[in-house]
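Please keep the sequence and the 3D view at hand while reading.

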Amino acid sequence: MKVYDSFRSALQSLVTNKLRSALTMLGVIIGVASVIAMVAVGNGASAQVQATILSLGSNLITVTPSNLTDQGLRGAGAQSQNLTEADMRALQDQLGDSIRAIEAEQGAGRWQVTVAGTNTNVNVQAVTEAYPTVRDWNMQTGEFFTKDDVSATQQVAVLGATTAANLFGDADAVGQTIQFRQVFGGGAGGQGGAQRARILNFKVVGVLEPKGTTFGFSRDDQILVPLTVGQKILTGRRDIVNQIVVKAIDSDAMQQTTDDTFNLLLARHKITDPVSADFTVTNQNDTLAALNQITGTFTLLLGAIGGISLLVGGIGIMNIMLVTVNERTREIGIRKAVGARRRDIMWQFLIESVALTGLGGILGIILGWSITQAVERIPQAQGLVLLITVGTVAVAVGVSVAIGVIFGLYPAMRAARLHPIQALRYE
Amino acid sequence: MSLAGRLPPATDPVVHLRGITKTYRIGKEIEVHALQGVDLDVYPGEFVAIMGPSGSGKSTLMNVLGCLDAPDGGSYQLAGETVGKLSDDQLAAIRNKHIGFVFQTFNLLPRLNAIENVELPLVYGGDRHGRRERAVGALELVGLGDRVHHRPSELSGGQQQRVAIARALLNDPAMILADEPTGNLDSRSSAEILAIFQRLNAEGKTVVMVTHEPDVAAHSRRIVRMRDGVVAHDERVANPRNAEDEIAAGIGAGEE
């Protein structure tokens, strides 16, 4: 019953001087709200970065050659070899069911693409048939090219959603023919020098669904062609791929698959010492972890800034509680005279302080949430993602109560230590 | 100290003081020897008035009696319990159990109503069961049964003091300790309060009252006079004034 009495007494005190309670709580409310809002920004950034990485495809392991120069010529190490389609096929065979899918890519440069009166300048990427599976990318219309297309070096193309719209408007692109015109010089087959103009016909077999912008590049404004077409016809760099991308079965299999891929390729390239590997295997989980660490630090920093205002709010609590204790010195004396012990008085004021900050914390959470809602509606802030998690709320409540205890303790102890005789004499 | 005319006591005293000393230090140098060896016995059912000029130590004696302050020397037994060098919490427990305070300035909590004020001792100790009912009962005992939900600001001085007396009664203490209980009251209200004390005393309650007014002390049955920190005089009151009679006779009728 004692606790109940203390609560009732505490609430009574808060209600008696509503203005003072409200102003005191304001510090905590603003403090908690700013922490909530700041951490929401941090959490949102974290989630956004994570989503961006995962939008490139989940559970990915990427193999890139170490010494690849711009021209595709061999780099400094005499032993270094290129990554080839053969490497990819070998991995495909040897990893078998232990992976979900595997694909290989080569960048084929920018090309001027025309169709009956319209033209556009797009990036062309040469890939293998498992690209959609690996990249978690579905077709909007039509189909992706097949393994046979790759083997037979078929001049087929899959368009990104934006490119299809640019070239065909609302009409269906599937089945249409488009023309590639080469823009850059550099020549085929490693010859430098004179610019060439070439026109190549491609049949559109499918259009990808929209994916949006990733790291500043629009993924919907590109054209995909079979790897062999890119290698033999578009760039002339026959025995090279820019990267091989493996999709692991699930997150748990990532480490194993990474090790398997590395070892298999090491054996294929006949390299005994892993340190001299002429390729790099990147595990997406590691990338995510590194980025999470960065965004995590960022979030912590933002939270700390918000925490400063909470600190100020706490000092306000201590200030007001000291004033309150002073005002109620007589009352404390009376309570002691009729038998209140030190801890009775201490609990009474401690509960009052915690009630103030607890209520302030709850209101602060509501205010913080409202702020995130309001910011989301501002047009200029569209790039900003705000995320409030259960964890954030729990921490906010916990911190509010802690503030009430920490900053209310000193005033409560002062109240408890008052001597009844002096307290009774207080005017 | 004169014990002339006193019969040998049949029971143990409620209050038993022997050689009580208390010294205060003011600033760094001045020592005030407030109590310099007080011997006092108060028996159950007595109505004692403690009188004395300023500086005689009667306020300090009241603080010691009320366990608000611990004596520096001597022994104090209250209702059989030794109140020596006890901790603050232990003193609080004794106050809660054995002492009912009535102050000159009433000392009610302004934001609580009458019932809540009266039940305060039971918030801090004793049997919490049915404390509401006991509080109402105590208020009825002092004649305020119809004002149980009033705040102190809604009550007259005399009514507030009656609430204080009800609070003092709540834990059924060994004694009621009143410090100038009529100091802030007019003649009529003073008489009403003294009438209550006399009634309670007639029913067996021990009442110890500190006062500087001879008119008030005349209502008690024993007057202890303090001087220079010791008991100078201790005598029974031959014919205590009866407050009820005074009320009936219209005391204070002509006053503001």
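In this predicted model, A161(A) has its place in helix α6 of chain A, which covers residues 161–168. Is A161(A) buried or exposed? Since a residue is called buried when 20 or more other C-beta atoms lie within 10 Å of its own, A161(A) counts as buried because it has 20 C-beta neighbours inside that distance. Once the neighbours within four places in sequence are left aside, the residues in contact with A161(A) are Q140(A), V207(A), L208(A), E209(A), P210(A) and D220(A). There is also I223(A), which stands 62 residues from A161(A) in sequence, while the C-alpha atoms of the two are 9.5 Å apart in space.

The next topic is the contact between the chains, to which chain A gives 17 residues and chain B gives 20 residues.

| Element of chain A | Residues |
|---|---|
| α1(A) | 2–16 |
| α10(A) | 329–337 |
| α11(A) | 342–376 |
| α13(A) | 420–425 |

Of these, α10(A) provides the largest share of that side, namely 4 residues. Sorted by kind, the residues of the side of chain A that touches chain B comprise 8 nonpolar, 3 polar and 6 charged.

In chain B, helix α7 runs through residues 187–202, and its 16 residues, at 1.5 Å a residue, should span 22 Å, which agrees with the 22 Å that separate its end C-alpha atoms. Which residues of α7(B) are buried? They are S190(B), A191(B), E192(B), I193(B), L194(B), I196(B), F197(B), Q198(B), L200(B) and N201(B). The cover over these buried residues includes the strands β3 (47–51) and β8 (207–210) of chain B, together with the helices α6 (157–169), α8 (214–217) and α9 (243–248) of chain B. After α7(B) comes G204(B), whose phi is positive, near 115°.

Chain B also holds an open sheet of 4 strands, arranged in the order β2-β1-β4-β5 with antiparallel pairing. The edges of this sheet are β2 (30–42) and β5 (81–82) of chain B, and because each has a single partner strand, one side of each is left without a neighbour in the sheet. Within the sheet, strand β1 (residues 15–26) of chain B runs antiparallel to strand β4 (residues 73–78) of chain B, and 5 bridges join the two. One bridge can be followed to its residues, for V15(B) has L78(B) in β4(B) as its bridge partner.

Key. Residues numbered from 1 in each chain as written. Chains lettered and ligands numbered in written order. Predicted model: local features only at pLDDT ≥ 70, side-chain atom pairs only at ≥ 80, totals over all residues. Contact = placed C-beta atoms within 7 Å. Nonpolar A, V, L, I, M, F, W, Y, C, P; charged D, E, K, R; others polar. Expected span 1.5 Å × (residues − 1). Buried ≥ 20, exposed ≤ 12 C-beta atoms within 10 Å, placed from the backbone. Pairing = 2+ DSSP bridges.
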